[in-house]
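Look at the charged side chains in the structure below. The text after it goes through some of their pairings.

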Amino acid sequence: MSDVWTQAALEAHAACAGGVVLYVLELWHADWDSSVFCVANWADVTVRIESTASRHAGQDVLCIGLPLEIVEGGIEIAATPSVRIRIDNVTGELTAPLELAALSRTPVYAVVRSYRDDNLAVPLQVSPCDMTVTAPVATDRTVEAVLTVPDIMQKNYLTEMMTNDTCPCV
């Protein structure tokens, strides 16, 4: 991670007076009954998912407290934005779903959210899209993977005909 991003992160967190920022990772897969939620914390935490979420909208969800860290990442010219994460001390709550996903050709997806520990009802920020989990490597107690942002340039956002009536010039 570059020093510029590190400095920006330090400044953002310094402005968050009175609360600790908690990072929540939602993992989901088509074969799972429900998403799995982890929090970078030593204790489990219950957070509320934003009302605009595509899954679990407005629900309170239990996040498993695990040592979760961003190992490396960044944005480079002509490269797909990605970040490598590591989850240590992986427990049974994560092992079984990850083993099931490993048997499938369908990818695992992730959403990253952040909360202040004094207001777990509203996320500070939500990643703009579901990220694909790629290059997973697992040991007995650790999982490392890359979270990759999908190629939004290939998505067709213009699904309506643009006319003077629907999009008048100002």
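This is a predicted model: local features need pLDDT of at least 70, side-chain atom pairs count only at pLDDT 80 or more; totals for chains, interfaces and linings use all residues.

Residues are numbered from 1 along each chain as its sequence is written, and side-chain values use heavy atoms, with hydrogens and water left out.

Side chains of opposite charge can pair when their charged atoms come close. A salt bridge here is a side-chain nitrogen of Lys or Arg within 4 Å of a carboxyl oxygen of Asp or Glu. The whole structure has 8 salt bridges.

One of them joins arginine 55 to glutamate 26, at 3.1 Å from N to O. Arginine 55 is in the loop between β3 (45–48) and β4 (60–66), and glutamate 26 is in strand β1 (residues 21–28), 29 residues apart. Strands are DSSP runs of E with at least two residues, numbered from the N terminus. Arginine 55 has 18% relative accessibility and counts as buried (under 20% relative accessible area; exposed is over 50%, partly exposed in between, with a 1.4 Å probe and protein chains only). Glutamate 26 is also buried, at 1%.

Another salt bridge pairs arginine 113 with glutamate 50, with the closest N and O atoms 2.8 Å apart. Arginine 113 belongs to strand β7 (residues 108–116) and glutamate 50 to the loop between β3 and β4, so this pair ties together parts 63 residues apart in sequence. Both residues are buried.

Arginine 116 and aspartate 118 form a salt bridge of 2.7 Å, N to O. Arginine 116 is partly exposed at 21% relative accessibility, and aspartate 118 is partly exposed at 45%.

How values were computed. Helices (H or I, at least four residues) and strands (E, at least two) are DSSP runs, numbered from the N terminus.
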